Amino acid sequence: MTTVAGVQLTRVDDEADLREWFDVGAASVTHDRPGDPARSWAGLVSELTRPWPGRDVERWLARRDGEAVAALRLALPNRDNLSSALVECEVAPARRRRGLGRALLAHAADRARAHDRTRLIVEVRAGGPGDVLMRALGARPALRDQRRRLPLPPADPDALAALEAAAVAASVGYTLVGWTGATPDEHVDDIARLTAQMSTDAPFDDLHWEPETYDADRIREADAAFVSHGMVPLVTAVRVGADGPLVAYSTLFHRAETPWHAGQGDTLVESAHRGHRLGMRVKLANLTRLREYAPQVTAVDTWNADSNPWMVSINEAMGFRPYDAWTEWELDLV
């Protein structure tokens with residue numbers, strides 16, 4: 001146990017503490033973002049036995065006078081980006097504006113330094129108290145994101161059909177492939193190559209983020225983690241010709257315990273194959289896959305950097321509309 005600014009911080013290492021840690025975060029999300037999917041207890045418990053690949057995670061629970069008042073998650077990349085630590089802080093709604101966020105971040109900084117990290121990366125919903133705190137601590141805004149939400153069924157299915165027809169006409173010579181669940185063996189190397197490119201091709205603005213290394217084993221690790229955590233990936237990709245390599249893909253995720261919601265994962269088109277509306281084609285085809293797999297879904301969320309007008313234009317054309325904004329802040333530790 002560690003005491004910081006009158007708060008007792010305990011590292012979460014058993015299910016009783018984990019339940020309190022979870023409850024603080026769930027209450028915070030319900031209070032701040034009532035339209036969001038509820039946190040998954042089953043998914044969290046599964047992380048204890050099958051962590052997300054490429055991350056070591058510390059969870060800390062803050063108590064004041066014996067009451068759980070705040071939760072800290074510190075993620076430490078262990079394969080690449082070894083100088084960074086990713087931080088999430090949640091403070092119980094009734095216990096805010098009492099210095100708890102500052103105390104958690106101070107502890108996160110100490111733990112990150114102990115792991116030889118030189119910066120914290122903290123994602124904060126724009127316009128809230130987190131922005132004020134990050135500025136007060138001397139952090140800098142490094143990347144601004146916008147979350148957009150697509151209501152389902154589509155408000156204008158004829159418009160989507162027209163977009164699909166145009167994308168098909170522009171992408172003659174490419175073939176759609178798709179799957180639900182684990183990556184097929186025949187595509188795993190291509191998906192590893194494309195996933196690695198996401199860490200170089202996606203806009204990062206001023207965020208210090210190094211290229212990530214992926215191979216077939218890391219993709220299979222991720223697939224196994226999705227299954228363990230109750231998440232089903234739905235993937236549509238395009239290949240060159242009838243049997244060439246995959247050159248674009250898009251992923252959606254669905255969790256059975258949140259039947260009304262799906263989340264957008266990666267969408268990438270290799271640079272040499274851009275200009276053929278492949279991004280639009282894979283996203284529309286994957287949306288069809290989702291609606292067939294989970295027709296009860298009424299909302300899909302996607303995030304885009306403000307500096308990515310190409311993907312934003314695709315999402316806006318599909319009917320995604322701004323929902324909220326986020327900022328990734330960097331705080332140097334040296």
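Which side chain makes a polar contact with the side chain of Ser84? Select Ser84 and find out.

**Before you click.** This is a predicted model, where local features need pLDDT of at least 70, side-chain atom pairs count only at pLDDT 80 or more, and totals for chains, interfaces and linings use all residues. Residues are numbered from 1 along each chain as its sequence is written, and side-chain values use heavy atoms, with hydrogens and water left out.

**Stop 1: Ser84.** The partner is Arg119, whose side chain sits 3.1 Å from that of Ser84. (A polar contact is a pair of N or O atoms within 3.5 Å; within protein, one must be able to donate a hydrogen and the other to accept it, and residues adjacent in sequence count only if both atoms are side-chain atoms.) Ser84 belongs to strand β5, residues 84-91; strands are DSSP runs of E, at least two residues, and helices are runs of H or I, at least four, numbered from the N terminus. Ser84 is buried, at 0% relative accessible area, where buried means under 20% with a 1.4 Å probe, protein chains only. Now show what Ser84 touches: leaving aside neighbours within four places in sequence, its contacts include Pro77, Ile121, His208 and Trp209, with contact meaning heavy atoms within 4.5 Å.

**Stop 2: strand β12.** Select residues 299-305. Six of these seven residues are buried, so β12 is largely enclosed by the rest of the structure.

Stop 3: Rolling a probe the size of a water molecule over the atoms shows where empty space is left. Here, the search of the whole structure finds one cavity of 30 Å³ or more. On a 1 Å grid over the protein atoms alone, a cavity is a set of points where a 1.4 Å probe fits but cannot get out, and lining residues have an atom within 4 Å of a point. Grid points are joined across faces, edges and corners, and the volume is the space filled by probe spheres set on the points; for the largest cavity that is about 50 Å³. Select its lining, including Leu150, Gln264, Val300 and Phe320. Helix α8 provides the largest share of that lining, three residues.

Notes:
Buried means under 20% relative accessible area, exposed over 50%, partly exposed in between (1.4 Å probe, protein chains only). On a 1 Å grid over the protein atoms alone, a cavity is a set of points where a 1.4 Å probe fits but cannot get out, and a pocket is an open set with protein on both sides within 12 Å along at least five of seven lines; lining residues have an atom within 4 Å of a point.
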